[in-house]
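Welcome, and please load the model in your viewer. We will walk from one selection to the next and say what is there at each stop.

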Amino acid sequence: MSHLRKIALTTLAMIAFAGNSLLCRAAFNHTSIDAASFTAIRLVSGAGTLWLVVRMKGGSHTGEGNWMSAFALFAYAAGFSFAYLSLPAATGALLLFGAVQTTMIGYGIWVGERLRRRQLVGLALAFGGLVGLLLPGLTAPPLYGSVLMLGAGVAWGVYSLRGKGVGDPSRVTAGNFLLSVPFAVTLSLLMLNNTSLDNVGIWYATLSGALASGIGYVIWYAALPAMKATTAATVQLTVPVITALGGVAFLGEPITLRMAVAAVAILGGIALVILDKQHTKGVLGTTPENLSR
């Protein structure tokens, strides 16, 4: 793969991942769609797109979805949607990213992996940034939405860890999306009295699932084999930044001083963990499944 093609694919993938936050927030800002319906439509459209791509390209037939991973995927998508009822796009993306990375690094420590001093400093800095972002104050994000987004990040971290070495990532992701649909439909039925749909909201949810999720993962998996694991992990630090810029440009969201300082602390701390040359492979993981968002 040429260097230019790798850069183009990586850039498109990061924009797609940031697009999930922007599309979700835009849907709740400008349409009447409810969070449960948004989640269901996103997962259904993502499942359909991924399976279509898998069937078209053929390739490896190793691996398939499983119910535990599918539930973790559903928990992420549902928490993500309900959190964005109240959170700005940039704040939500930063909380999600911080929770995902903290969960995965924390799991590595739990199973016996050791971090060097610089990495411990980085982890403490990132955790301090999350705490600082959530401390009470005039510019603090809503607590309920923040807790939901942190939970969504933990769920995605679990999903990512479960995806290590399970086979062809596109096929496994497609299978997990498909198996997550019954959970999302059940949630929609339980919240039937709160259902609210409109055409624009449905389109936002469909674009989030089919384009930002489905096609985004396909592009990412195409670029990933040409990158080192540390490069792939580090480049994802751009997703909250892209989301913040998109929130300002398309949603009119302000960037507060608290948000800016927290972003520097969280992203900078995670970068210290990732970039240390002695960092063990297991903490980050090197498979496409746990390097995607």
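## First stop: Y84

Select Y84 and show what surrounds it: setting aside neighbours within four places in sequence, Y84 is in contact (heavy atoms within 4.5 Å) with S21, C24, R25, F28, A89, G92, A93 and M149. Before moving on, note that this is a predicted model, where local features need pLDDT of at least 70 and side-chain atom pairs count only at pLDDT 80 or more, while totals for chains, interfaces and linings use all residues. Residues are numbered from 1 along each chain as its sequence is written, and side-chain values use heavy atoms, with hydrogens and water left out.

Helices here are DSSP runs of H or I of at least four residues, numbered from the N terminus.

Next, pick T49, found in helix 2 (residues 35-57). T49 counts as buried because its relative accessibility is 16%. Not counting residues up to four places away in sequence, T49 touches A210, G214 and I215.

Then click on L50, also placed in helix 2. Is L50 buried or exposed? L50 counts as buried, because its relative accessibility is 1%. With neighbours within four places in sequence left aside, its contacts are T173, A174, F177, G214 and V218. Draw a distance from L50 to G216: their C-alpha atoms are separated by 10.0 Å, although the two are 166 residues apart along the chain.

## The two pockets

Select I15, A16, G19, L23 and L211 together. Of the 18 residues that line the largest pocket, these lie nearest its centre. A pocket here is an open set of points on a 1 Å grid over the protein atoms alone where a 1.4 Å probe fits, with protein on both sides within 12 Å along at least five of seven lines; lining residues have an atom within 4 Å of a point. Helix 1 (3-30) gives the largest share of the lining, 8 residues, and helix 8 (199-223) and helix 10 (238-251) each supply at least two.

For the second largest pocket, select P88, A90, T91, L133, T139, P141, E253, P254, I255, T256, R258 and M259, which line it. Helix 4 (89-110) and helix 11 (257-275) are the elements that give two or more residues to this lining. The space inside is about 180 Å³.

D276 is buried, with a relative accessible area of 5%. Which residues does D276 touch, not counting those up to four places away in sequence? They are R116, R118 and Q119.

Note on methods: Grid points are joined across faces, edges and corners, and a volume is the space filled by probe spheres set on the points. Buried means under 20% relative accessible area, exposed over 50%, partly exposed in between (1.4 Å probe, protein chains only).
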